[in-house]
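Visitor: I am new to this structure and would be grateful for a close look at a single part of it. Please take the place where the two chains meet and describe it in a connected way.

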Protein chains: 2
Amino acid sequence: MTDARLDCLLARVPGLRLTRDPADLAHYGRDWTRRWTPAPLAVALPGSVEEVQAIVRWANEERIALVPSGGRTGLSGGAVAANGELVLSLERMNRVLAFDPVDRTLTVQAGIPLQAVHEAARERGLLYPVDFAARGSCTIGGNIATNAGGIRVIRYGNTREWIAGLAVVAGNGDLLELNRGLIKNSSGYDLRQLMIGSEGTLGVVVEATLRLTDPPPPGNTMLLALPSFEGLMRVFAAFRERLTLQAFEFFTDRALHHVIAHGAAAPFGQAHPFYVVTEYAGGDEAAEAAALAAFEHCLEQGWVGDGVIGRSEAQAAQLWRLREGITESLAPHKPYKNDVSVRISAMPAFLAETQALLAREYPRFDVVWFGHIGDGNLHINVLPPPGMADGEFVGHCERVTKLLAEALSRHGGSISAEHGIGLVKKPYLDSTRSPAEIALMRGVKRAFDPNGLLNPGKLFD
Amino acid sequence: MTDARLDCLLARVPGLRLTRDPADLAHYGRDWTRRWTPAPLAVALPGSVEEVQAIVRWANEERIALVPSGGRTGLSGGAVAANGELVLSLERMNRVLAFDPVDRTLTVQAGIPLQAVHEAARERGLLYPVDFAARGSCTIGGNIATNAGGIRVIRYGNTREWIAGLAVVAGNGDLLELNRGLIKNSSGYDLRQLMIGSEGTLGVVVEATLRLTDPPPPGNTMLLALPSFEGLMRVFAAFRERLTLQAFEFFTDRALHHVIAHGAAAPFGQAHPFYVVTEYAGGDEAAEAAALAAFEHCLEQGWVGDGVIGRSEAQAAQLWRLREGITESLAPHKPYKNDVSVRISAMPAFLAETQALLAREYPRFDVVWFGHIGDGNLHINVLPPPGMADGEFVGHCERVTKLLAEALSRHGGSISAEHGIGLVKKPYLDSTRSPAEIALMRGVKRAFDPNGLLNPGKLFD
């Protein structure tokens, strides 16, 4: 190494895997956002908790900022390293450490991909239920950093609900063993809960003990076509009343257009303005009858225009692809993304207002909506008109986001439902959190990271 | 008032209900622990959020310590006011504020008793599932302060899982609206979660938005008699494997003795050393058959010696009374209480070690055990031998608790499963939380309460 500080790190942690290869700096220096130019000092790939502790202690002595790094599938710039930071990638710490059948817990290193967790649970006859499209690339550590949600929150809740314990390297290098898998533990502040969703700004999550559960009965999947927005929440209510919903995912005609252009099969002979993929606990005739009753009720009311049931696993996968393929199909267009939420009860008014806002502000833009309607969570993707320069495009979108943030503030919503604040949403944090809350958050940050070295500039300056 | 500081408070909050009546000071100055002599400065009974804010601002100016107060059913001294504090009782703030059928949330003032929440949910066709014997006296605010658990954690989790939003008066009098009922909200540190279980040391919870759920199918209740400790966890495993358990509560022969002495009917013709009350989702023949299969399997293995099913609601209530009446039946004896937890998988080893420890250390004492075995939570109640002075008794018990804390530390357990640390467990906090964790907790406390006025001396000094 040509940097004396890095030489010092290597002397202190012999055998530490460290790279300054420009391709590595570019690869590890950013997440799925593309707005910042990666410029880390170096990338460390520790292989053990002790190495992470040594790196954090060194960083405090040398006053080097650290960017904890998982699968970097985030969309808020939470894992961007653009200011000479050391990227602390957990990707080599990706093993299952323990399984306890009595506690029904799986202890893993933070760098394990979500899909590997799913497989490890399945091999043991159990389920880790948090799931989303990035499952193959994202890591549990990153999921914890953003309290990741996804497609089955309606049934199983967010990542937070499934964390029985965390091992965290604190801002001074101490190792914290938070909650240690206990079900009941009323012994002071639950720092585990504080750590979840803190975007790497309070400590480095190195291990997690995950709760597992029984796999549900086989789910049935149905695709619904809707003639208008107005009926959407009524369709949700009709299905929720009759069935145990595992997913209720909404997307627009424009979203379907892109997924089909990307290779998916068209589900209906004609186009409809809106679609829903829903999955419900099936496996018996009563559930089938209830699903049909919900569908027929919505058809009679005119809230639904058409529908198709996934009769086999392959058919269900095809229906799911229409929803799960959206993000990938949009990626080449470099969309500007909003990820917002309101209470379900506030959805109708918020949807109407937002639809009007976007129609007015993005007249020439391709606006693609989709989201987890059952959680009050909406993803809005704006694609640049052909030929518009990046800077002009983002500038325009930022102005619209400001208006969206004002609408969210009026409706008691959140500017970030599941991706975190990171760099991208930092200017809008005050639409969701009050000045008093932000002041307390800063106080917590100072207590955990007095030298300001853990993912600085993310969440707030 | 004869205290100038209180005159100042009354001048600032005209109409504030404030009392210095000695009977009130004694009544509001302590919880169900009886080890401290109440000595508050006065008791304030605010009627609105604005009054709570004004009191907190006044307390900062006058440097008066505040003790937030709910139903004072705690057993850790968390609500004791013995040092000239102002007791801030929320008991007049006990109303249901809002119900939203789409969000399925109930918004209440913090002083509402748990039982009134149950009733409000039931009237709306829904369930607030956190439950325990103190339901008639304890308040939601106190439940939140300790992240209360109780008898249905095995099915529904602790209080934490059911809090969609909190309104909290911060240490400086600011009103915080935390999470505002959102399902997905990844916008920085989840201060709502930090507040839950913080025992009134970080803010005053004034309102809560509670999630409700569908009532379960009618539960069936079964009482089991066990010949030995060794089979207990096996019986639990046999029932959990076959049924959806809603409760799995353990108690000893000595516990039954006290409940029967207190008026309950003896369930069996002969005595058995150990008992379990279990409740499982019933309502269909499959569940009945599964319950019988579990029972017969345990009988064949010799883990269970006898059993009785509650065939009617009245019979089920009788069986439940055997478990729920324990605390009340012991109260006149002024028991010394431990409330500890370990992971379920650590239960067999911990139980064996603890049984040996208590037999050795309390040879002359009546030791009554019960607990939520399915959550790894054990309550140990020690009754003083006749004629032993209070001080000698508590001193002896404290020495044993020190040994118990060492055992917990070895088994990765918690010195407080569900009652909080308060004053009683403060000397043993370090058996459950590391010095690094305690240092961070102190940092959080300073950020939220720089003048150290919120329930000082509880949790830590």
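Visitor: How many salt bridges does the rule find across the interface of chain A and chain B?

Guide: The model is a predicted one. Across the interface of chain A and chain B, the rule finds 8 salt bridges. A search of the whole structure, over all chains, gives 46 salt bridges.

Two of the pairs that involve both chains may be described individually. B:R160 forms a salt bridge with A:D190, and their closest N and O atoms are 3.4 Å apart. B:R160 lies in the loop between α6 (153-156) and β7 (163-169) of chain B, while A:D190 lies in the loop between β8 and α7 of chain A, so this pair joins two chains. A second salt bridge is formed by B:K184 with A:E418, where the closest N and O atoms are 3.0 Å apart.

Polar contacts form a further part of the picture. Between chain A and chain B the count is 47 residue pairs in polar contact, with both residues at pLDDT 80 or more. On the side of chain A that touches chain B, the elements that give two or more residues are β8 (175-178), α7 (191-195) and α15 (435-448) of chain A. Of these, α15(A) supplies the largest share, with 9 residues. By residue class, this side of chain A divides into 24 nonpolar, 26 polar and 17 charged residues.

The extent of the interface can be given in residues and in area. In terms of residues, 67 residues of chain A are in contact with 67 residues of chain B. In terms of area, the two chains bury about 5,500 Å² between them, and 56% of this lies on carbon and sulfur atoms. Within chain A, the residues that lose the most area to chain B are A:K184, A:S186 and A:Y189, which together account for 19% of what that side buries.

The arrangement of the two chains follows. Chain A is superposed on chain B by a rotation of 180° with 0.0 Å of shift along its axis, at an RMSD of 0.0 Å. That is the relation of a two-fold axis. Of the interface residues of chain A, 100% are also interface residues in chain B, so the copies meet through the same surface.

For context, there is also an interface within chain A itself. The domain assignment of chain A gives domain 1 (4-91), domain 2 (96-211), domain 3 (219-327) and domain 4 (334-422 + 429-441). The contact between domain 1 and domain 2 of chain A takes 15 residues from domain 1 and 19 residues from domain 2. The centres of these two domains, taken over C-alpha atoms, are separated by 22 Å. Domain 1 and domain 2 of chain A bury about 1,200 Å² between them, 67% of it on carbon and sulfur atoms. Across this interface the rule finds 0 salt bridges, and there are 3 residue pairs in polar contact, both residues at pLDDT 80 or more. Helix α3 (residues 49-62) of chain A gives the most to the side of domain 1 that touches domain 2, with 6 residues. The residues of that side divide into 7 nonpolar, 6 polar and 2 charged.

Technical notes: Residues numbered from 1 in each chain as written. Chains lettered and ligands numbered in written order. Predicted model: local features only at pLDDT ≥ 70, side-chain atom pairs only at ≥ 80, totals over all residues. Heavy atoms only, no water. Domains from an automatic or database assignment. Contact = heavy atoms within 4.5 Å. Buried area = accessible area lost by both parts, 1.4 Å probe. Salt bridge = Lys/Arg side-chain N within 4 Å of Asp/Glu carboxyl O. Polar contact = N/O pair within 3.5 Å; in protein donor to acceptor, adjacent residues only side chain to side chain. Helix = DSSP H or I, 4+ residues; strand = E, 2+ residues; numbered from the N terminus. Nonpolar A, V, L, I, M, F, W, Y, C, P; charged D, E, K, R; others polar. Least-squares fit on C-alpha atoms with pLDDT ≥ 70 in both.
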